[in-house]
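User: I'd like to go through this model feature by feature and learn how to read each one. Can you walk me through it?

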Amino acid sequence: MTPFVKMVAAGNDFVLLDTDSCGVPDDVSGLAVWACRPHSGIGADGLILLRRDGPDRLGVTVVNPDGSIAKMCGNGARCAAYYAFATGTSGPLTVELGRHTMRAWSRGGLVEVTSPEPDRIGGPVRLATKEIDTALDLYTVDTGTPYAVAIVPDADALDVNELGRFVRYHPHFAPDGLSVSVAQVRDDGLAVRTYERGNEEETLSCGSGAVACVAVARSLGLVSEGTVAAHTRSGTPLLVRIAGDAPPFGALTLTGPAEVVFEGTFTGPAAAETPPGVPRPASPATPGR
């Protein structure tokens, strides 16, 4: 039996394995496909593998529901840090996720992590789509993984799944595609929604997507520097601290809640089988979010 922890960060949910105690599964990709399925598995937006590389250093791998390895996951990093803090690791922490090195702190019940700095804000790229009445202006930004961000007048009015698929697989962004976020400027910050590559649907919250939206909005002069509230689809805001008016920003951090929902165990070999009708990914290195 393999122990796991179910975690939620502002609506983004994960299955976390502490590999220091349970080891690394033989088939990480297949396990993620099974574990993330809501009806025949545990149900999650991603699988987190955590290891301790030192007293204040974590190694974190996030695997998407399609079995691909996420290049970056802000909420996943925050969940891993929260778990480490809750199990006795003192902060601040250094978190290694993919090619990124972040710092993490516990801030009054919230977890803050630094975000990878985007090199530039690209665009706009104008794509015509039936999802909105006018052409869609998309700005590209890489906050650890690539995003296309659109500033829209009413985020709630959009079918983000349909719009996300249109942009994610558009030839302009071939061959790998990208995640797609929309942001609406409000008096209290931004309303943000994200279609995540690797999940292939809209998630209730996306940390890296929230950072991408704030970075684009700041570069366009739509929000002030300081702390910007990104109001997610879950109703729980994420706080993005930003300094400067263009990349490289003087500061870029992501703060929000994280919690353990429940703990459990699953049976090993059968659990990692890919369910009928779900193709097994060719390689865990397939570009993820």
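User: Let's start with arginine 52: is it buried, partly exposed or exposed?

Analyst: Keep in mind that this is a predicted model. Buried means under 20% relative accessible area and exposed means over 50%, with partly exposed in between. Arginine 52 comes out at 28%, so it counts as partly exposed.

User: Which residue does arginine 52 meet in a salt bridge?

Analyst: Its side chain meets that of aspartate 18, with N to O at 3.0 Å. Arginine 52 sits in strand E3 (residues 46-54) and aspartate 18 in strand E2 (residues 12-18), so the pair ties together parts that are 34 residues apart in sequence. Aspartate 18 has 11% relative accessibility, so that end counts as buried. There's also a network here: Asp18, Asp20 and Arg52 are linked by salt bridges.

User: How many salt bridges are there in the model?

Analyst: The count comes to 12. Another one is between aspartate 53 and arginine 51, where the closest N and O atoms are 2.9 Å apart. Aspartate 53 is partly exposed because its relative accessibility is 39%, and arginine 51, at 38%, is partly exposed too.

User: What about the salt bridge of arginine 193, are its two residues buried or exposed?

Analyst: Arginine 193 pairs with glutamate 202, the closest N and O atoms being 2.8 Å apart, and both residues are buried. For glutamate 202 the figure is 16% relative accessibility, so it falls in the buried class.

User: Where does glutamate 202 lie, and what is it in contact with?

Analyst: Glutamate 202 is part of strand E13. If you skip neighbours within four places in sequence, its contacts are Val160, Asn161, Arg193, Thr194, Tyr195 and Arg233.

User: Val160 is in helix H4, so which residues of that helix are buried?

Analyst: For a helix, check which residues are buried and then look down the axis. In H4 (residues 160-168), the buried ones are Val160, Leu163, Gly164, Val167 and Arg168. Down the axis of H4 they fall within an arc of 125°, so they line one face of the helix. Their cover includes strands E9 (136-142), E10 (146-151), E11 (179-186), E12 (189-196) and E13 (201-203).

User: Which residue caps the N-terminal end of H4?

Analyst: That's aspartate 159: one of its side-chain oxygens lies 3.3 Å from the backbone nitrogen of asparagine 161.

User: Which strands pair with E15?

Analyst: Strand E14 (residues 226-231) pairs with E15 in the antiparallel sense over 6 bridges. Strand E16 (residues 251-256) also runs antiparallel to E15, joined by 5 bridges.

Conventions
Residues numbered from 1 in each chain as written. Predicted model: local features only at pLDDT ≥ 70, side-chain atom pairs only at ≥ 80, totals over all residues. Heavy atoms only, no water. Buried < 20%, exposed > 50% of the residue type's maximum accessible area, 1.4 Å probe, protein only. Helix = DSSP H or I, 4+ residues; strand = E, 2+ residues; numbered from the N terminus. Arc of directions from axis to C-beta. Contact = heavy atoms within 4.5 Å. Polar contact = N/O pair within 3.5 Å; in protein donor to acceptor, adjacent residues only side chain to side chain. Pairing = 2+ DSSP bridges. Salt bridge = Lys/Arg side-chain N within 4 Å of Asp/Glu carboxyl O.
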